[in-house]
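Here is a short briefing on one protein model. Look over the sequence and the fold, then read on.

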Amino acid sequence: MGSGDEDTGGGGGAVRGAVLKALVVVGGVLLLRRLRRSTTRWDHARAVADALSGEKFSREQARKDPDNYFNLRMLTCPATEMVDGSRVLYFEQAFWRTPEKPFRQRLYMVKPCPKEMKCDVELSSYAIRDAEEYKNFCDRPKDQRPQPEEVIADIAEHLTPIHLSRCGRGKRCLYEGSTPPEGFPNNWSGASYCTSDLSIHKNGEVHIWDKGFNDEGNQVWGTKAGPYEFKPAPKSKYDDMFSPLNFSAPLSLEKKLDKAYVIDEQ
């Protein structure tokens with residue numbers, strides 16, 4: 001009797017030990033999966049939207065290489081949020097001396113890439129129905145800007161998507177991508193199409209390389225020396241633009257622009 005009781009107890013202890021070990025293993029696997037999934041598709045989209053926001057300048061490039069680069073101001077801020085969670089950003093570029101006169105204005109829609117595509121974030125560029133109404137959007141008080149429902153109504157022609165992926169280990173960038181190889185239509189300065197490369201860096205820089213090509217594939221506008229490197233301005237009011245409170249429901253003009261940068265009238 002005594003011996004049998006001891007055997008039963010030992011067997012029960014072994015079973016309990018095995019169960020405990022199994023639970024630990026299963027728990028570890030679940031934890032590992034959770035950690036691996038901690039960065040979701042929407043996390044990537046939010047990270048890109050946050051990185052694009054703010055006031056950035058190409059001042060350093062213009063000082064070092066004035067023959068190829070202007071000192072441009074790039075300003076981006078939240079405009080609204082779509083029902084599906086996509087963020088809509090207002091984007092403008094201007095010469096730093098005349099920020100009140102942007103030469104390029106866009107609405108960007110930032111969302112995860114479709115699951116069937118091998119990328120993380122889709123950044124789509126749209127024309128604005130009445131761009132004049134949006135000049136200096138980010139500089140204005142919220143009640144003096146087009147409101148979220150107006151922004152949605154003013155999303156016009158879809159210009160092009162840029163598909164961004166996380167940069168590989170050892171690179172300075174966080175995300176990088178480009179337009180489709182065939183680019184998108186553009187007729188400025190003899191071009192028939194243009195392409196755009198974009199990279200977002202760990203130090204807050206955004207590098208943009210826009211180039212226009214003619215039918216023969218020759219580059220007719222855009223710098224050939226490399227991308228524009230926009231570096232963050234000193235801390236400003238734009239750093240906190242992505243607070244939930246900001247989302248309602250959801251050098252000289254005489255330079256040869258055709259060789260250094262495109263003034264986009266679209």
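Strand 10 and strand 12 (residues 228-232) pair in an antiparallel way, over three bridges. Strands pair here if DSSP finds at least two bridges between them. Helices (H or I, at least four residues) and strands (E, at least two) are DSSP runs, numbered from the N terminus. The model is predicted: local features need pLDDT of at least 70, side-chain atom pairs count only at pLDDT 80 or more, and totals for chains, interfaces and linings use all residues. Residues are numbered from 1 along each chain as its sequence is written, and side-chain values use heavy atoms, with hydrogens and water left out.

- Strand 10 spans residues 206-213, and seven of its eight residues are buried. Buried means under 20% relative accessible area, exposed means over 50%, and partly exposed lies in between (1.4 Å probe, protein chains only).
- Valine 206 stands opposite phenylalanine 230 in strand 12.
- Strand 9 (residues 193-201) runs antiparallel to strand 10, and eight bridges join the two.
- Cysteine 194 has glycine 212 of strand 10 as its bridge partner.
- Glycine 212 is also the bridge partner of tryptophan 221 in strand 11.
- Strand 11 (residues 219-221) pairs with strand 10 in the antiparallel sense, over two bridges.
- In a regular strand, side chains alternate between the two faces of the sheet.

**Two hairpins**

- Strand 9 and strand 10 form a hairpin with four residues between them. Glycine 204 in that turn has a positive phi of about 90 degrees.
- Strand 10 and strand 11 form a hairpin with five residues between them. Here glycine 217 in the turn has a positive phi of about 85 degrees.

**The largest cavity**

- The largest cavity has a volume of about 300 Å³. A cavity is a set of points, on a 1 Å grid over the protein atoms alone, where a 1.4 Å probe fits but cannot get out; lining residues have an atom within 4 Å of a point. Grid points are joined across faces, edges and corners, and the volume is the space filled by probe spheres set on the points.
- Of the 22 lining residues, the closest to the centre are Arg104, Tyr108, Ser125, Ser196 and Asp210.
- Strand 4 (104-112), strand 5, strand 6 (155-166), strand 9 and strand 10 each give two or more residues to the lining.
- Strand 9 gives the largest share of the lining, four residues.
- The lining divides into 13 nonpolar, five polar and four charged residues. Ala, Val, Leu, Ile, Met, Phe, Trp, Tyr, Cys and Pro count as nonpolar, Asp, Glu, Lys and Arg as charged, and the others, Gly among them, as polar.

**Aromatic pairs**

- The structure holds ten aromatic pairs. Rings of Phe, Tyr and Trp (its six-membered ring) pair if their centres lie within 6.5 Å; planes under 30 degrees apart count as stacked, over 60 as edge-to-face and the rest as tilted.
- Tyrosine 90 and phenylalanine 137 form a tilted pair, 5.3 Å centre to centre, with 40 degrees between the planes.
- That pair links distant parts of the chain, 47 residues apart. Tyrosine 90 is in strand 3 (residues 87-95), and phenylalanine 137 is in the loop between strand 5 (121-128) and helix 4 (148-153).
- Tyrosine 90 counts as buried because its relative accessibility is 0%. Phenylalanine 137 also counts as buried, at 1%.
- Phenylalanine 95 and phenylalanine 103 form another tilted pair, 5.2 Å centre to centre and 45 degrees between the planes.
- Tyr69, Tyr228 and Phe230 form one aromatic cluster.

**Charges over rings**

- Arginine 145 lies over the face of phenylalanine 137, at 4.9 Å from the ring centre. A charge sits over a ring if NZ of Lys or CZ of Arg is within 6 Å of the ring centre and within 35 degrees of the ring normal.
- The charged end of arginine 59 sits over the ring of phenylalanine 57, 4.7 Å from its centre.

- Asparagine 136 has a positive phi, near 60 degrees. Asparagine 136 is found in the loop between strand 5 and helix 4, and counts as buried at 16% relative accessibility.
- Serine 189 has a positive phi of about 55 degrees. Serine 189 is in the loop between strand 8 (184-185) and strand 9, and is partly exposed at 35%.

Key
On a 1 Å grid over the protein atoms alone, a cavity is a set of points where a 1.4 Å probe fits but cannot get out, and a pocket is an open set with protein on both sides within 12 Å along at least five of seven lines; lining residues have an atom within 4 Å of a point.
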